[in-house]
Amino acid sequence: MHARDSLDPSRSMWHFIAVHLRRYREANGMSGQALGDLLDCDRSTVSRYESATLRLKPSHAETVDRLWDTGGMFTNLVGFAGVADEGDWLLSLAGFERRASRIRSWEPTVIPGLLQTPDYAKAALTAWPGSDWDAGLERRMARKSAVFDRETPPRVTAFLNWAALAQLVGSREIMRDQLTHLLTLGELPHVTIRVVENQAGAHSGLDGPITVLTVDERDLAYDEATTRGRFLMEPLAVQEVIVKYDSISDIATPVGPSRLLLEAERERWT
């Protein structure tokens, strides 16, 4: 079996780069030798790039971007890969959040991690037996701090499903404090929180959470609609997620009425 046959682009950014480098090369009818000539390297180097046994150099990423007019895709991918945790897409999400100028999220079942209080986060994490709860809580709070405690924080827009507000996590006191925290966050000029009510019925967002981040003026998406989270970086794939996110926006309650809903839910937990 060739090394490239064992690549898993859903779990490794470098595998993702390797798979798409080969796909672009073949789609443009170019041999490995021809690409090597343009990159001023030998054919074996191209082969190693495409099997992820060698990481694509930033200078070579820039060359293939110009060659195939990708809009800087490979250059950005190599940059993203440099801050990503190879073993876990979710951990690398924190690296992108620290650099994002805009964060858009949808969560159908719980309060999004970036909006959680420490007590709510701890209660949610302890629902997973065998996990390192303390380490998980520390990472989650660090993610939150990296976003909201910046000198110039990103624009954050969060759509919450009604079920996330009605689901007891921890205790009534924890839920009341969590709702108070959401109301406080919603007062910030760079934060928008809207609720999708039960009356909205079935919609495309029910199959899982979505996060869309704008990093270095480029959008990327984190999609948990499959059996595990994955990053999408190709423009067409990201656009599909953005269209899905926009469809949720179409049915979400406006900001003012959403705030009234949050206040009512807080009273219910009193």
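Reader: Where is the place of Glu-97?

Author: This is a predicted model, in which local features need pLDDT of at least 70, side-chain atom pairs count only at pLDDT 80 or more, and totals for chains, interfaces and linings use all residues. Residues are numbered from 1 along each chain as its sequence is written, and side-chain values use heavy atoms, with hydrogens and water left out. Helices are DSSP runs of H or I with at least four residues, numbered from the N terminus. The place of Glu-97 is in residues 89–99, helix α6.

Reader: Is Glu-97 buried or exposed?

Author: Buried means under 20% relative accessible area, exposed over 50%, and partly exposed in between, with a 1.4 Å probe and protein chains only. Glu-97 has a relative accessible area of 2%, so Glu-97 is buried.

Reader: With which side chain does the side chain of Glu-97 make a polar contact?

Author: A polar contact is a pair of N or O atoms within 3.5 Å; within protein, one must be able to donate a hydrogen and the other to accept it, and residues adjacent in sequence count only if both atoms are side-chain atoms. At 2.7 Å, the partner of Glu-97 is the side chain of Arg-143.

Reader: At what angle do helix α10 and helix α12 pack?

Author: Axes are lines fitted to C-alpha atoms, for helices over the stretch in contact (heavy atoms within 4.5 Å). Angles run from 0 to 180 degrees between N-to-C directions. Helix α10 covers residues 172–186 and helix α12 residues 255–268, with their axes 8 Å apart. The angle is about 160°.

Note on methods
Helices (H or I, at least four residues) and strands (E, at least two) are DSSP runs, numbered from the N terminus.
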